[in-house]
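The sequence and structure come first, followed by the description.

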Amino acid sequence: MTTPPVTRTEQVYEILRSELLNGVLHPSQKLKMAGLTERFGVSQSVVREALTRLTEQGLLVATPQRGFRVRDLSVEDIAELTETRVQVESLALRLAVERGDLQWETGILTAHHRLERTPVTRDDGTVSEDWSARHRDFHQSLLAGCANRRLESVATSLRDGAELYRRWYWVLTDDHQRDLAREHRELREFALARDADRAIEVLTEHIDRAPFLLIAYAREHGVDDLNPHAPPAPHDQAQPS
């Protein structure tokens, strides 16, 4: 039986998304339509639809007459996105600590338990998609008690926008000994203890660490030349201890 076109599009989309998030496709790399149609054995319309979905998610950039390419590794964008995430998520977490009820506390415990029981990487060393989903759920559970859906929505959108940078950080930097489990335990403990100041301190370091090292990588390899007026890297506290 012939595979329906929508299914073929989904297959192409999932493969390319995985390659983007796991560093198989590199920053600024062009994606040639002819090569992809031959590789997957599908029509150009199927490939174009998959590429368009990835563009809408901010993983690719579409340029008229020039096709699709992987998003640039931009020092300026990483720094601005990180600064905004810290401000927005800190505000949401403080409100959650102040307003969160028993359901909020239970949600944090449940999400953390699932995260802790899910391996971070697959056998091939790439980030597990299951872990990535559990990680997203845990961070959403921390902010869920803020009782402000617009604020939650902005925080979620910013976190999703940082996903590609987080994956590049994992692939490009040598920080695989990082104790992520400890960081998540501390976030859980301080949030449930209603210690907003300590919870925000840990959250800030947690958010800052990946972009700090990714910016260092970008500058070491000359990517900073693309953004000569890029602002300083995130806070010094993000440096590995």
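## Basis and overall fold

Helices (H or I, at least four residues) and strands (E, at least two) are DSSP runs, numbered from the N terminus. The protein chain has ten helices and three strands, and from the N terminus its elements follow the order α-β-α-α-β-β-α-α-α-α-α-α-α. This is a predicted model, in which local features need pLDDT of at least 70 and side-chain atom pairs count only at pLDDT 80 or more, while totals for chains, interfaces and linings use all residues. Residues are numbered from 1 along each chain as its sequence is written, and side-chain values use heavy atoms, with hydrogens and water left out.

Of the 241 residues in the protein chain, 45% are buried. Buried means under 20% relative accessible area, exposed means over 50%, and partly exposed lies in between (1.4 Å probe, protein chains only). Contact means heavy atoms within 4.5 Å. Among contacts between residues at least 6 apart in sequence, 71% join residues at least 24 apart.

## Packing of H4 and H7

Two packed helices are described by the angle between their axes and the distance between the axes. For helix H4 (residues 75–99) and helix H7 (residues 149–161), the angle is about 145 degrees and the axes are 10 Å apart. Axes here are lines fitted to C-alpha atoms, for helices over the stretch in contact, and angles run from 0 to 180 degrees between N-to-C directions. The H4 and H7 crossing is left-handed, a term used if the near helix is turned anticlockwise from the far one by less than a right angle, with clockwise giving right-handed.

On the H4 side, the contact consists of Leu81, Thr84, Arg85, Val88, Glu89, Leu91, Ala92 and Leu95; these meet Leu151, Val154, Ala155, Leu158, Arg159 and Gly161 in H7. By class, the contact has nine nonpolar, two polar and three charged residues. Ala, Val, Leu, Ile, Met, Phe, Trp, Tyr, Cys and Pro count as nonpolar, Asp, Glu, Lys and Arg as charged, and the others, Gly among them, as polar.

Glutamate 89 belongs to helix H4 and is buried, with a relative accessible area of 1%. Leaving aside neighbours within four places in sequence, glutamate 89 is in contact with His139, Leu143, Ala155, Arg159, Leu203 and Ile207.

Helix H8 (residues 163–172) is largely enclosed by the rest of the structure, because eight of its ten residues are buried. These buried residues are Glu163, Leu164, Tyr165, Arg166, Arg167, Trp168, Tyr169 and Trp170.

## Charges over rings

A charge sits over a ring if NZ of Lys or CZ of Arg is within 6 Å of the ring centre and within 35 degrees of the ring normal. Arginine 71 lies over the face of tyrosine 165, 4.5 Å from the ring centre. The charged end of arginine 53 sits over the ring of tyrosine 13, at 3.7 Å from its centre.

Alanine 147, in the loop between helix H6 (129–143) and H7, has a positive phi of about 60 degrees although it is not a glycine. Alanine 147 counts as exposed, at 62% relative accessibility. Arginine 194 is in the loop between helix H9 (180–192) and helix H10 (196–220). Phi of arginine 194 is also positive, near 60 degrees, and at 32% relative accessibility arginine 194 counts as partly exposed.

Histidine 113 is in helix H5 (residues 102–116) and counts as partly exposed, at 41% relative accessibility. Histidine 113 and arginine 185 are 72 residues apart along the chain, with their C-alpha atoms separated by 9.8 Å.
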